[in-house]
Amino acid sequence: MSSNMKAIVYTEYGSPDVLQFKDVEKPTPKDNEVLVKIHAASANAADWHTMRATPFLARLVNGFFKPKNPRLGSDFAGRVEAVGRTVTQFQVSDDVFGSMSLNELSSFAEYLCAREDTLVLKPANMTFEQAAAVPLAAFTALQGLRNKGQIQSGQKVLINGASGGVGTFAVQIAKSYGAEVTGVCSTRNLDMVRSIGADHVIDYTREDFTNNGQQYDLIYCAVGNRSITDYQRALKPQGACVIAGFTNLRLLFEHMILGPRRSKAGGKRVGLMDTANGNKKDLAFLKELLETGKVTPVIDRCYPLSETAEAIRYLEQGHAQGKVVITVAHNN
Ligand SMILES: NC(=O)c1ccc[n+]([C@@H]2O[C@H](COP(=O)([O-])OP(=O)(O)OC[C@H]3O[C@@H](n4cnc5c(N)ncnc54)[C@H](OP(=O)(O)O)[C@@H]3O)[C@@H](O)[C@H]2O)c1
């Protein structure tokens, strides 16, 4: 017998006004899947880029004229309610967290089905809200710093956009690798960025990190708002700049097309990181950082599932202080 659940659904691309809070069919797990009763989810830039189909290339992923997948939400934390026939690593009542890939977004809902190889147990010292705040933003920070940036202990690392969803993880993950970290943020966020471990902070409203005479081994830019020449000026001779953020199409194309060419010319590499890839190995690595207190999610605010449109509207303004979380209440 099928039953229903509440979920956020959209049938056309556009502003958060297209998001509807509706009854949809509750999913049933396939053999290798786990049915998770979601207690919290978190919002990411990927949600509003997908919802608006911006940049235009997003239409190649989720349908040219209208969304093929009418659901949003990658990150989630919740309790296992049922397991498929071949699932071996989880059982009913386990608390888990994880993320859905960009073509399977669906965590803004009361339930979802996830493959067991995408989940790990929720750290016991974290709330569902804290755990749900982690996956996609922390994957982006970890994979940018470690895979593309090849971060090493003792390096001077600068995080631009240190106060946002990705930046707050990047500061803490860079510290966990033994780097000397400088966080760039606005005046109101200086104390928060210091409190999560930054050794130095730069207020971007008063000082330009690309023009103050300082140079870094590694720049991780979660904003994507500077030219290649600017980044190179702030890099040591063999330094690297990894860009995760997207500000406008002109800079995106400059970073994408000219970055690799200009990087060949000198020792200073500047380039876009790949789209973050959710995977169990990295989630287990992050879980350990969470359990040992090396990383603590920064949560800006929480919205109930029915107000997801408001949460996305807030996130889109580009001034979140850490993560924006969606809480999912269940009546029973
Ligand atoms: N490659 C990938 O797979 C991937 C994955 C996730 C996200 N991303 C991209 O990463 C970027 C950051 O995502 P997010 O989730 O961290 O965004 P977010 O949570 O919306 O954070 C934006 C932050 O940027 C700060 N900021 C704005 N202008 C700034 C400036 N000029 N200098 C320094 N900081 C500034 C804001 O602080 P103030 O309020 O103080 O200005 C805010 O804290 C987005 O462009 C997103 O598309 C890429």
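**Briefing on a predicted protein chain**

Proline 55 lies in the loop that connects helix H1 (45-52) with helix H2 (58-62), and the peptide bond that joins threonine 54 to proline 55 is cis, with an omega of about -10°. The model described here is predicted. In it, the protein chain contains ten helices and 15 strands. A compact globule of 332 residues would have a radius of gyration near 20 Å, and because the protein chain has 20 Å, the two values agree.

**Overall dimensions**

- Along its principal axes, the C-alpha trace of the protein chain spans about 65 × 45 × 35 Å.

- Six strands, paired in parallel, make up an open sheet whose order is S10-S9-S8-S11-S12-S13.
- At the edges of this sheet are strand S10 (200-203) and strand S13 (269-272), each of which pairs on one side only, while neighbouring strands are turned against each other by 15° on average, when direction is ignored.
- Within the sheet, strand S8 (residues 156-160) runs parallel to strand S9 (residues 180-185) and is joined to S9 by five bridges; isoleucine 159, for example, has glycine 183 in S9 as its bridge partner.
- Helix H4 packs on the sheet, where it touches S8, strand S11 (216-221), strand S12 (235-243) and S13, and the direction of H4 makes about 150° with that of S11.
- Helix H5 (residues 165-176) lies across S8, S9 and S11, and runs at about 170° to S8.

**The second largest pocket**

- The second largest pocket holds about 580 Å³ of space, and among the 33 residues that line this pocket, the closest to its centre are Met100, Ser101, Glu104, Cys113 and Arg115.
- Strand S2 (20-25), strand S6 (111-115) and helix H4 (135-148) each contribute at least two residues to the lining of the second largest pocket, and the largest share, five residues, comes from S6.
- Sorted by class, the lining of the second largest pocket consists of 13 nonpolar, twelve polar and eight charged residues.

**Backbone details in the loops**

- Most residues other than glycine have a negative phi, and most peptide bonds are trans.
- Serine 93, in the loop between strand S4 (75-83) and strand S5 (95-99), is not a glycine and yet has a positive phi, near 85°.
- Glutamine 150, in the loop between H4 and S8, likewise has a positive phi, of about 50°, although it is not a glycine.

Notes. Residues numbered from 1 in each chain as written. Predicted model: local features only at pLDDT ≥ 70, side-chain atom pairs only at ≥ 80, totals over all residues. Heavy atoms only, no water. 1 Å grid on protein atoms, 1.4 Å probe; cavity = no way out; pocket = protein on both sides within 12 Å on 5 of 7 lines; lining within 4 Å. Points joined across faces, edges and corners; volume = space filled by probe spheres on them. Helix = DSSP H or I, 4+ residues; strand = E, 2+ residues; numbered from the N terminus. Nonpolar A, V, L, I, M, F, W, Y, C, P; charged D, E, K, R; others polar. Pairing = 2+ DSSP bridges. Axes fitted to C-alpha atoms, helices over the stretch in contact; angles between N-to-C directions. Contact = heavy atoms within 4.5 Å. Rg over C-alpha atoms; globule rule 2.2 N^0.38 Å.
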